[in-house]
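Please open the model in a viewer and keep the selection tool at hand.

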Amino acid sequence: MIEILAVSKKYTSGRGHITALADISFNVEKGRSSVLAGKSGSGKTTLLNCIGALEKPDSGRILCNGRDISTLGRRERALFQRREIGFVFQAANLLPWLTVAENLQFPLELNGIRGKKQERRIDELLATFDLSGYGKAMPGELSGGEIQRIAFARAIAHKPSLLLADEPTASLDSVTGNQLIQLMLSLCADQHTTLIIATHDTELIAMTDHKIYLKDGRMETGI
Amino acid sequence: MRLRFILKLSFLHLLRSWRATVVLSFMVISAVASLVFLASLAIGTNDAMIRNSTGLFSGHISGSDIPPESDTSLLTLPGVEHVLVRRQQRFLLWAGENIEPVLLMAVNPLQEKQSTALWKKTVSGRYLKPGEDGIYINQETAERLQVPVGGQVHLGNAPRDRLKTLTVVGVYKTGISLLDQGLAFCPVDVFPLPDGLITTAVFLQDGSPTGDILQQYRRLIPSGKFQAWPEFMPDLKQLIDLNFVCMAIVMILVFALVSVGISCAFLIFTLKNLREHGIMKTMGIMPVDTVLLLVSQIGLLTLCAAALGIIAGMAAVLLFSQTGIDLTSLTSQNRYFAVSGIIYPRLTPANLLTPPLLAIVFGLAAALWPSLYIIRKSPADILRSV
């Protein structure tokens, strides 16, 4: 379960202090999917980054299965991200100098999944995402939809408890985007992985059962 | 993360970003190859100076005050090429009213011509022949005595106390004051004091251990005085030491500059791929793994480039070690190149291994800047900025 408790975050820039997040609180049950919706600059990515321990909130707490991740040290944070989190970004997700299989191998290696077990998991992921035979392909040889499928496969390769996706369909056409989201939702449900998606895609917002609307860093509606 | 996997990632990154790898490698290859060649050239220059200085007359080891009854054949140890046995005595030389003191060296003309280059410094006349009543004198003495080639000089211990009359067969000039002042030569067969003290000039094969041979000589003939060339030519020793120091400074400076170049180029390369490092950080890569990844990338690149640099440098050295580099026009007036100005570059283990070793050390140091840059950047900042 993810608990967001009165999280606030400000940035200082040439325009002065900007409130990225102001007193955000909500919960996401384990294995459920949520969407952080809002326009560009509403604070979706900042909140997603805070949940993924990529940045620290100025105040408030974020609990992942009861553990406060905003107080983690550098090493603990890296281990938390390695074991518990999977990230999918809008674009340029893959390491371009590694093949598809080597990209999938990366989180498995980090989590100590090696040898036959690793090979089996890579084959399983490629088959699940309808990418069998793509193992030796380089990311530059693939379409945008294929790249996002591989990025998603890599994000769940080590079976994380939390999957965070930042505008995962923004660079895809609606049909490919919908297919990808359906796949994400069904796989996360199968693996009991909590899914949080930041998006402004209305179709995607409609597909999820838990929606958080953000505007200028504040929550508008929580269901 | 396992080191094996990090090395695999580094190798794949270098291999699949081959254009950047080639550009970065070229810098290291050219630096290593140039320095291997320059170091070999410096060794070759030192060799030429030693060869010229010792080959003219003195040999690598000079012996004096050796008792006449000594068995000089004992001096032919392993690593010794030739041992020239000479006798010497101070005499007065006179021609007409002119008198000059000289140190007369009795030599075997055939052996001398085979092992030394003094005969090449003849300015008029010719070198000695065995058994002839001839004398070979330096130009300065000839001018003071006002005696031309073919003229006669008298030899004795005191004016008018003539022991022998010799014909001047040749006049030489080396440019080295030790040889150009008060020295004269005659065949050993006509030397007036055949039982005088012996001097020797020992010529060693290339790479023979001078110090070891010197120690053995001192044990074999304790009453003789043996000196290696660094002792009787301290100026040359200093010059060679200076040459080594200069070469070491050049190597360090070149690699300091190359490492700054590599570091800058690698930082640009890293900045270009910054998002990839951000993605790896979101996957939970540890700071130590990031450092290992970048260090192993630069390490692998430097190692391979240094190996290619060694091969390129060796090829250049081998090419010129056959033909030599003729610098006679630059060395003709130099006393340390009295015989020949041709320099043959020579490889030694030190000059072969020092440039790549420095390249690797400086290359690894060059990895620290990009590593620190990545470690200090938060993944959120990286992903936001790219």
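Begin by selecting A:Glu167, which is buried because 20 other C-beta atoms lie within 10 Å, and 20 is the number at which a residue counts as buried. The model is a predicted one. A:Glu167 sits in the loop between strand 7 and helix 6 of chain A. Its phi is near 45 degrees, a positive value in a residue other than glycine. Most residues other than glycine have a negative phi.

Select A:Ala6 next, in strand 1 (residues 2-13) of chain A. A:Ala6 also has a positive phi, of about 50 degrees, although it is not a glycine. Is A:Ala6 buried or partly exposed? It has 13 C-beta neighbours inside 10 Å and therefore counts as partly exposed.

Now display helix 5 (residues 144-156) of chain A. The 13 residues of this helix reach 19 Å from the first C-alpha to the last, close to the 18 Å expected at 1.5 Å a residue. Helix 5 of chain A is mostly covered, with 10 of its 13 residues buried; among them are A:Ile147, A:Ile150, A:Phe152 and A:Ile156. Which elements cover these buried residues of helix 5 of chain A? The covering elements include strand 6 (85-88), helix 3, helix 4, strand 7 (162-166) and helix 6 (174-191) of chain A.

Two of these covering elements, helix 3 and helix 4 of chain A, form the next selection. Helix 3 (residues 100-110) of chain A packs against helix 4 (residues 115-128) of chain A at an angle of about 125 degrees, and their axes are 10 Å apart. This angle makes helix 3 of chain A oblique to helix 4 of chain A. The crossing of helix 3 and helix 4 of chain A is right-handed. To show the contact, select A:Ala101, A:Leu104, A:Gln105 and A:Leu108 on helix 3 of chain A, together with A:Gln118, A:Arg121, A:Ile122 and A:Leu125 on helix 4 of chain A.

Move to chain B and select helix 2 with helix 12 (residues 349-366). The axes of helix 2 and helix 12 of chain B come within 8 Å and cross at roughly 145 degrees. Helix 2 of chain B passes helix 12 of chain B in a right-handed crossing. On helix 2 of chain B, the residues in contact include B:Val28, B:Val32, B:Leu35 and B:Ile43; on helix 12 of chain B, they include B:Leu352, B:Pro355, B:Pro356 and B:Gly363.

Stay on helix 2 of chain B and pick B:Val22. With 12 C-beta neighbours inside 10 Å, B:Val22 counts as exposed. A C-alpha to C-alpha distance from B:Val22 to B:Ala366 gives 17 Å, across 344 residues of sequence.

Next, colour the largest nonpolar core, of 92 residues, in which B:Val28, B:Val32, B:Ile135 and B:Ala184 touch the most other members. Helix 2 (residues 18-58) of chain B gives the most to this core, with 18 residues. Another core, of 67 residues, lies apart from it and includes A:Val35, A:Phe106, A:Ile122 and A:Ala157. Around B:Ile135, the residues touched include B:Val153, B:Leu166, B:Val169, B:Ala184 and B:Phe185.

Finish at helix 10 (residues 287-323) of chain B. At 1.5 Å a residue, its 37 residues should span 54 Å, so the 53 Å between its end C-alpha atoms agrees. Just after helix 10 of chain B, B:Gly324 takes a positive phi of about 75 degrees.

Conventions
Residues numbered from 1 in each chain as written. Chains lettered and ligands numbered in written order. Predicted model: local features only at pLDDT ≥ 70, side-chain atom pairs only at ≥ 80, totals over all residues. Core = buried A, V, L, I, M, F, W, Y, C linked by C-beta atoms within 7 Å. Helix = DSSP H or I, 4+ residues; strand = E, 2+ residues; numbered from the N terminus. Contact = placed C-beta atoms within 7 Å. Expected span 1.5 Å × (residues − 1). Axes fitted to C-alpha atoms, helices over the stretch in contact; angles between N-to-C directions. Parallel < 35°, antiparallel > 145°, perpendicular 65-115°, else oblique. Left-handed = near helix turned anticlockwise from the far one by under 90°. Lists of a residue's contacts leave out its neighbours within four places in sequence.
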